[in-house]
Amino acid sequence: MKLAVVGVNHKTAPVALRERLSFGSDMQTAIEQLSTLSSGCTIVSTCNRSELYFGVDDELMPPSDDDDEQQALPEFLLKVCQWLADFKQLPLDEILPYLYVYQESRALNHWLRVAAGLDSMILGEPQILGQIRQAVAVSREYGGISSEFGWLTQQVFAAARTVRRDTKVGAQAVTLGFATAKLTTQIFDDPSQLTFLLVAAGEMNRLVAHNVTALGIKKIIICNRSHERATALADELAQMATQAGRELDIELVPLDELAQVLPQADVVSSCSGSMHALIDVSMVRNALKQRRHEPMLLVDLAVPRDIEPKVGQLDDVYLYSVDDLQHVIAGNLQERQQAAVEAELLVGQLVADIEQQMQVQVARGQIDAYRKMADAHTQRLLAKAMERLLAGEDASQVMQVFAHKLSQTLTHSPSKLIRHVAMHADANTLDMVSHELIHGYRDKQV
């Protein structure tokens, strides 16, 4: 099996086309159809990319020249591109200029870079690996994962974890939401016991909520003027928790009850757009008293600020403004960019390792087929020998004929192999093959 990928992302296609090529409720049908064209498949569809990863039988896809950007697409890959166009009811000529089509090493390299966050809009972001895992789980549910393709997905997951573990490409926060989540894990030991208070349900706080909710927190309080908007965000976060298999308690309160719910909050993110502070020193001091001075993390993303700056002077309070987070992010992004160079080198090594393991997988199958052939031929020769023995022929002569024919059969292919290596490979390879065939046989003698 060879790996191939067909897709678009934020670097190759405008958002209008990515929207038309995205997969949602049609995922099951897409997986079922694509799996009939391939040897296993999965579809990764996010706001930034729509990608088809699939296996191809060796005979359907000729060897690729990864250095030749202008080479014509193999017929099979063009067939998959046509399927994508037809499935999304778009002309192939309209989407083909925006598609990237990779195969073999380049496809595997791309998949690993995506899984490790090296191909993301935000360098090193961690969500994409979880999204790929979810895509594979969905594909398995709909019958799209073959045993060989499933093995490959596990290699990609393991390699992506290695990249993120052994380099700093994902170690530092580079978005406000991720930075808030990172601060939460640095200040509190067990996020699953925390209560998170969102003051306002706008887009900025929505992104923060996604990152913090992913930590597995216990409860969210959404404090907002508009009940409708708060309900929409609550539904979104509840669905996110359900998909992750977690329980999440969500409470909606009007903005004028902020002071009453503040003492419950371990983490607060505020971004209201108000022209005056919503949280003052007296509110926080009262909240700390009720909390018996359990620490609070307050993140103020608003301009003008929602939280009085003097709040940061209180004991047991960690206050961060949007400028504080931006300074952290700027430094962290530079660190990630430096780490990305190291990560790219590691990706190349891991791709080579996976390809070597794939070759071993292929060799195992070929060895098994050779052994089955040898056993079947041995049984045929043995059956003929038994017939001759039952007919009364001399046992010694029968066994000599049997041994001669078996030896001739089993040495025919290795002899052809040695001649082929002698003609097409170097002397070292010839010596290695000959040595293993001769001395490997001797080592097995009893």
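A pocket, as the word is used here, is an open set of grid points with protein on both sides within 12 Å along at least five of seven lines, and its lining residues have an atom within 4 Å of a point. The structure described below is a predicted model.

## The largest pocket

The largest pocket has a volume of about 1,900 Å³. Its lining is made up of 44 residues, and those nearest the centre are Thr46, Gln127, Gln131, His210 and Met240. Which element gives the most to this lining? Helix 6 does, with 8 residues. The elements that each supply at least two lining residues are helix 2 (27–37), strand 2 (41–45), helix 6 (127–141), helix 8 (176–187), helix 9 (203–213) and helix 10 (227–243). Sorted by class, the lining of the largest pocket has 23 nonpolar, 16 polar and 5 charged residues.

Two of these contributing elements can be described further. Helix 8 has 12 residues and spans 16 Å from its first C-alpha to its last, close to the 16 Å expected at 1.5 Å a residue. The buried residues of helix 8 are Leu176, Gly177, Phe178, Ala179, Thr180, Ala181, Leu183 and Thr184. An α-helix has 3.6 residues a turn, so residues three or four places apart point the same way. Strand 2 contains Ile43. Ile43 has a relative accessibility of 1%, which is under the 20% cut-off, so Ile43 counts as buried.

## The cavity

Rolling a probe the size of a water molecule over the atoms shows where empty space is left. The structure holds 1 cavity of 30 Å³ or more, and the volume of the largest cavity is about 50 Å³. Which residues line the largest cavity? They are Val6, Gly7, Val8, Leu21, Phe23, Ser50, Glu51, Leu52, Leu84 and Leu99. Strand 1 (2–9) and strand 3 (49–56) are the elements that give two or more residues to this lining. By class, the lining of the largest cavity has 7 nonpolar, 2 polar and 1 charged residues.

## Aromatic contacts

A pair of aromatic rings is described by the distance of the centres and the angle of the planes. The structure holds 6 aromatic pairs. One of them is formed by Tyr53 and Trp111, whose ring centres are 4.4 Å apart and whose planes meet at 20°, so the pair is stacked. This pair links distant parts of the chain, since Tyr53 is in strand 3 and Trp111 is in helix 5 (residues 105–115), 58 residues apart. Tyr53 and Trp111 are both buried.

Elsewhere, the charged end of Arg133 sits over the ring of Phe157, 4.5 Å from its centre.

## Positive phi in loops

Most residues other than glycine have a negative phi, and most peptide bonds are trans. His293 is not a glycine, yet its phi is positive, at about 60°. His293 is placed in the loop between helix 12 (281–290) and strand 9 (296–300). Is His293 buried or partly exposed? Its relative accessible area is 46%, so His293 is partly exposed.

Asp316 also has a positive phi, near 70°, and is a residue other than glycine. The loop that holds Asp316 runs between strand 9 and strand 10 (317–321). With a relative accessible area of 32%, Asp316 is partly exposed.

The table sets C-alpha separations beside separations along the chain.

| Residue pair | Apart along the chain | C-alpha separation |
|---|---|---|
| Ile43 and Asp324 | 281 residues | 39 Å |
| Ser274 and Val303 | 29 residues | 8.3 Å |
| Thr213 and Met296 | 83 residues | 17 Å |

Ser274 lies in the loop between strand 8 (267–270) and helix 12. The relative accessibility of Ser274 is 6%, so this residue counts as buried. Thr213 is found in helix 9, and Thr213 counts as buried at 2% relative accessibility.

Key. Residues numbered from 1 in each chain as written. Predicted model: local features only at pLDDT ≥ 70, side-chain atom pairs only at ≥ 80, totals over all residues. Heavy atoms only, no water. 1 Å grid on protein atoms, 1.4 Å probe; cavity = no way out; pocket = protein on both sides within 12 Å on 5 of 7 lines; lining within 4 Å. Points joined across faces, edges and corners; volume = space filled by probe spheres on them. Helix = DSSP H or I, 4+ residues; strand = E, 2+ residues; numbered from the N terminus. Nonpolar A, V, L, I, M, F, W, Y, C, P; charged D, E, K, R; others polar. Phe/Tyr/Trp six-rings, centres within 6.5 Å; stacked < 30°, edge-to-face > 60°. Buried < 20%, exposed > 50% of the residue type's maximum accessible area, 1.4 Å probe, protein only. Lys NZ or Arg CZ within 6 Å of the ring centre and 35° of its normal. Expected span 1.5 Å × (residues − 1).
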